[in-house]
Amino acid sequence: MSLDVVSRPPADVPQGGTVAPEARADDVLAAARGASWPGASAEKHFLRYGMMPHMLCPGCGHGIVLDAMLRALARRYETLDDVAFVAGIGCSSRVVGYVDACTLHTTHGRPLTFATGLKLARPDLEVVVVTGDGDGLSIGGNHLIHAARRNIDLTCVLFNNEIYGMTGGQLAPTTIPGAYTSTSPKGNHEQPFDAARLVEAAGGTFVARAQSFRTRDFEEIFLRALEHKGFSFVEVMTDCTEYFGRTNRLGNGADLLFSQARADVAIEADLAGRPTLQEVPARPVRPVMEMGVLHESRRQTLEEAMGLVEAGS
Amino acid sequence: MSERQLTQGNEACARAALAAGCTFFGGYPISPSSEIAEHLARELPKRGGVFIQMEDELASMGAVLGASLGGRRAMTATSGPGFTLMQEHLGYASLAEIPCVVVDVMRGGPSTGLPTSPAQGDVMQARWGSHGDRATIAVAPGSVQEVYTLTIEAFRLAETLRTPVAVLYDEVIGHMREGVVLHEPTSEELGLRSGPRGPFSPDFLPYEPDEKGVARVPDFGRGYRFHVTGLMHDERGYPTSDHAKVEQLLARLERKVDAAVDAVAPELYRLEDAKIVVVAYGIVARTARAAVDALRAEGVPAGLLRTRLLWPIPAAALADAIGHADLVVVAEMNRGQWAFEVERLAGRHVQLAPYLKAGGSVITAEELVAHVLRVSTKGARV
């Protein structure tokens, strides 16, 4: 498998409006509405300001991921009237509430089941599922492999922060070996799932892994996932600073982003010989993983097989 | 179609769903309900509908709710163990006000229990199976014909009140064949889903109730952008922990299901001068009716209240029927689930002597007659 998405330097994008120190909340929102990325405008920001302030912690990677998703959507859609976001329970799942679309915040682990019903009822809708590593791989793991097996035309983004954030930092099925959590006080002794490979083995036809560290790559991958016909799965590594970072003394949000960089096969090669967070003794080590599109193939989708949409449409 | 057709209970249920405009079924096989899924697997795709067998009952209910939000009339069918797994999403549907119909063909429980024997053990599960104070509707047909009419009515109640409606009947009714008139429902019998008042605007309120206390939630993908959540929410659909708003929401959800009480009235049989009132539902009501006739032939002033609605409990009709009775006999195939409710509503002067059977066989008229004669001559509260 080769990396077919490469890091690029930041494009020449207009920066968001600056805000004077004495700015009031309205001014901050007005500045936030200003163009900070291509395609954004006051009319096309896709954010639901009534839901603000958001509940994400300082340094959390989820907002970065959501921002990249909205950028990709802005490149594909004028409005999100026909885009439905379906999410489960957890920090990652809460981000759909901030999107000005049809948003469905379901039960813990089950967003893919709701999304399956919705997609079969309305195959014309773009249905994006947002789930987390606990939501999608632990309590909802069975639904994930079945959605992949069916090759239903959903785009599922799994935010992997390697921990249960919303409930206060407990062990996840993705927690790396040795890592401390509130329910693994002596360090995790279980092997984590490789979510992307699991979905590929189950029959998903677009499987990718990305990082909140490299948002432009994630944006491109997410756009390709949206365009793909069939079950698209993007695992995106993001950071929980408050629980994973703090409990494992991995530093702040920036430090964690750096450790993401070192967990990428390609970057790790370039940085050989330089100090790394992974080399601190007695600290958990993030495994070095392949990033990018890991698998892409075409086979009949569930909707095509059921005759709900024309084959190849 | 007005001539009678020999139809199995589960088939009548499936045909009623089709007549009621159901175009989505998501389910998981389980005895003794599987014939419903099998019939709809054949028939739905022919009519532009969607049938999907999901990976489990949690997924089935999730798919049903997703499809319902997509604008479909959606249902599932199951039995006790599956109904247990569906409870979380039934709670979700109640709170988020997503219409759906769930058929529970009851078998002996708890646990795997008696997979192919009749029971009425899911009455309380239908009421309290999901956590929290959930308002709910559950109908209980007593014949194959009534499986047909009450399934259609379940869809009407679900759509017009935007709430899950359970159809509870036992294995005998599910597998029995009777002559049934499979009529085409009128538009009144079908009902319309509550929806938004005007076009989308930024201050659109999907959870603003209409005059019946039902949220005006639109279907997804119709030009309305809004949020649906299982968290307590305000009229915008946004999460809230405002105590007053939460109290208000729970009270409204409880109030709105009361409409079912008038819509699904009980059958009153020989109650005018009855001093002994038998209360029953489902298959037991049929043998109870025969028991009442046998008791009357012996000169015993017995009557029957056959409820077709388990939840919300038809309290007024029940109070009327048992208010002047000397003896009330709730007969049911469980350890006393509805009997406790009747006891709660009965005055202190009323003697109660429930006849309960949970071993997997139907209560016969003969044993019910014997029970009534025994307790009425003893005069004791049993």
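Predicted model: local features only at pLDDT ≥ 70, side-chain atom pairs only at ≥ 80, totals over all residues.

Visitor: Which domains make up the division of chain B, and what separates their centres?
Guide: Chain B is divided into domain 1 (4–190) and domain 2 (266–378). Taken over C-alpha atoms, the centres of these two domains are 27 Å apart. Their contact takes 25 residues from domain 1 of chain B and 20 residues from domain 2 of chain B.

Visitor: What supplies the side of domain 1 of chain B that touches domain 2 of chain B?
Guide: Elements that each supply at least two residues include strand 6 (114–118), helix 5 (123–128) and helix 6 (144–161) of chain B. Helix 5 of chain B gives the largest share, 4 residues. By class, this side has 16 nonpolar, 6 polar and 3 charged residues.

Visitor: Why is helix 1 of chain B called roughly parallel to helix 6 of chain B?
Guide: The axes of helix 1 (residues 9–19) and helix 6 of chain B come within 8 Å and cross at roughly 30°. Angles under 35 degrees count as roughly parallel, and therefore helix 1 of chain B is roughly parallel to helix 6 of chain B.

Visitor: What is the hand of the crossing of helix 1 and helix 6 of chain B, and which residues make the contact?
Guide: The crossing is right-handed. Helix 1 of chain B contributes residues including Gly9(B), Ala12(B), Cys13(B) and Arg15(B), while helix 6 of chain B contributes Val144(B), Val147(B), Tyr148(B), Thr151(B) and Ile152(B).

Visitor: How do the residues of this contact of helix 1 with helix 6 of chain B divide by class?
Guide: They comprise 9 nonpolar, 2 polar and 1 charged.

Technical notes
Residues numbered from 1 in each chain as written. Chains lettered and ligands numbered in written order. Domains from an automatic or database assignment. Contact = placed C-beta atoms within 7 Å. Nonpolar A, V, L, I, M, F, W, Y, C, P; charged D, E, K, R; others polar. Axes fitted to C-alpha atoms, helices over the stretch in contact; angles between N-to-C directions. Parallel < 35°, antiparallel > 145°, perpendicular 65-115°, else oblique. Left-handed = near helix turned anticlockwise from the far one by under 90°.
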